[in-house]
Amino acid sequence: MEYRSLGRSGLKVSTISMGTMTFGEQNTESESFALLDIARDHGINFLDAAELYPISPRPETQGRTEEIVGSWVKARGNRSDVIIATKVVAYSPPMPWFRGPDHRLDRVNIEAALDASLKRLQTDYIDLYYLHWPDRQTNFFGRLGYDHHPEQDQTPLEESLSVLADAVKAGKIRHIAVSNETPWGVHRCLRAAETAGAPRIACIQNPYSLLNRTFEVGLAEMALREDVPLAAYSPLGGGVLTGKYRNGAKPQGARVTRWPERYARYTKPAALTATELYCTLAEAAGWSPTTMAIRYCLERPFLASAIVGATTPEQFAASLAAADRPLPPELTAAIEAIHTAYPNPAP
């Protein structure tokens with residue numbers, strides 16, 4: 001396993017990190033423990049959670065993922081060996097179970113969310129704490145076009161950062177980060193660190209995969225020039241790039257099968273066409289489509305870690321195989337040719 005610097009935080013994270021959003025919904029606690037043990041045995045030290053998880057979110061299971069991660073860390077006695085990341089939700093009226101329907105990224109909500117996460121994780125500190133998505137009107141979660149409606153903005157970013165600064169001073173958080181963020185948002189965070197004493201963001205957690213390379217448009221330069229690398233989520237395009245949904249297949253229990261509307265951005269016609277081309281290319285070259293897709297992400301210079309989820313050890317093994325198998329130049333070139341023909345079909 002390779003380890004890379006997480007920006008200027010001083011943290012060294014495994015290039016493959018353990019995504020946990022299936023824990024407590026698609027995976028039982030014992031199944032989750034088994035996956036975490038595999039991750040540990042393969043050198044993964046970076047665990048990614050959120051107060052939102054497991055997915056698909058519902059009040060009955062909310063927070064269960066953090067509870068499972070916390071129980072595993074306590075059972076294995078390895079808190080000092082792992083880097084735990086979790087996230088606080090922003091404004092989302094459809095989910096009123098998060099501190100009411102008007103929850104924001106303000107002091108009251110962040111402090112309440114942080115204390116609850118610490119309790120569920122059974123730890124005194126969180127290594128990396130994300131703002132899960134912007135508390136303003138902007139383009140994320142598959143939306144590319146930007147419509148300017150400043151009157152609908154919620155908590156100013158600088159206000160959220162000031163709350164996080166206090167949590168860092170109190171020792172509850174070691175480092176902060178942003179997720180589903182735009183170049184403007186990253187710029188504002190960096191400026192606040194330079195001029196207002198806010199903690200410097202360590203990384204950006206945004207989607208990135210063969211089906212969605214929109215990060216390259218504006219954020220890749222920010223990541224490289226400003227030392228705020230990418231922690232890529234959905235490197236397999238919601239699981240579509242594994243090939244398990246090819247030819248209309250609907251595997252029982254799989255995410256796209258269970259929640260088709262939530263993952264509709266990954267199953268658009270162009271995305272499915274591109275996926276077929278990527279899968280065919282991988283298989284012709286003697287690669288698992290999963291391994292090829294993950295490896296492509298790992299070889300991007302702006303990436304610190306790719307967040308990989310799995311519900312079975314077999315699925316996980318195909319992703320882990322990417323850790324030490326470089327892509328041949330001709331395979332990379334063929335991937336780029338498909339991207340040119342089908343650019344970002346699932347943003």
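**Figure 1. Helix H1 passes helix H2 in a right-handed crossing.** In a right-handed crossing the near helix is turned clockwise from the far one by less than a right angle, and in a left-handed crossing anticlockwise. The model is predicted, so local features need pLDDT of at least 70 and side-chain atom pairs pLDDT 80 or more, whereas totals for chains, interfaces and linings use all residues. Residues are numbered from 1 along each chain as its sequence is written, and side-chain values use heavy atoms, with hydrogens and water left out. H1 covers residues 29-41 and H2 covers residues 64-76 (helices are DSSP runs of H or I with at least four residues, strands are runs of E with at least two, and both are numbered from the N terminus). The two helices pack at an angle of about 60°, and their axes lie 10 Å apart (axes are lines fitted to C-alpha atoms over the stretch in contact, and angles between N-to-C directions run from 0 to 180 degrees). This angle makes H1 oblique to H2 (under 35 degrees is roughly parallel, over 145 roughly antiparallel, 65 to 115 roughly perpendicular, and the rest oblique).

**Figure 2. Residues at the contact of H1 with H2.** From H1, the contact (heavy atoms within 4.5 Å) takes in Glu 29, Ser 32, Phe 33, Leu 36, Asp 37 and Arg 40. H2 contributes Arg 64, Ile 68, Ser 71, Trp 72, Ala 75 and Arg 76. Sorted by class, this contact of H1 with H2 holds 5 nonpolar, 2 polar and 5 charged residues (Ala, Val, Leu, Ile, Met, Phe, Trp, Tyr, Cys and Pro count as nonpolar, Asp, Glu, Lys and Arg as charged, and the others, Gly among them, as polar).

**Figure 3. Packing of H2 with helix H3.** H3 spans residues 107-121 and packs with H2 at an angle of about 45°, the axes being 7 Å apart. H2 is therefore oblique to H3. Glu 66, Glu 67, Val 69 and Gly 70 of H2 meet Ser 117, Arg 120 and Leu 121 of H3. The contact of H2 with H3 comprises 2 nonpolar, 2 polar and 3 charged residues.

**Figure 4. Backbone features in two loops.** In the loop between strand S4 (46-48) and H2 lies Pro 54. The peptide bond that leads from Tyr 53 to Pro 54 is cis, with omega near 10°. Ser 56 is also found in the loop between S4 and H2, and the peptide bond from Ile 55 to Ser 56 is cis, with omega near 0°. Gln 122 belongs to the loop between H3 and strand S6 (126-131). Although Gln 122 is not a glycine, its phi is positive, at about 55°.

**Figure 5. Packing of helix H5 with helix H6.** H5 (residues 183-195) and H6 pack at an angle of about 20°, and their axes are 9 Å apart. H5 is therefore roughly parallel to H6. On the H5 side the contact is made by Pro 183, Val 186, His 187 and Leu 190, and on the H6 side by Gly 218, Leu 219 and Met 222. This contact of H5 with H6 has 5 nonpolar and 2 polar residues, and no charged residues.

**Figure 6. The largest pocket, with a volume of about 1100 Å³.** On a 1 Å grid over the protein atoms alone, a pocket is an open set of points where a 1.4 Å probe fits, with protein on both sides within 12 Å along at least five of seven lines; lining residues have an atom within 4 Å of a point. Points are joined across faces, edges and corners, and a volume is the space filled by probe spheres set on them. The lining of the largest pocket is formed by 46 residues, and Met 21, Ile 55, Ser 234, Arg 255 and Tyr 263 are those nearest the pocket centre. Helix H9 (289-298), strand S10 (303-308) and helix H10 (313-320) each supply at least two lining residues. By class, the lining has 20 nonpolar, 20 polar and 6 charged residues.
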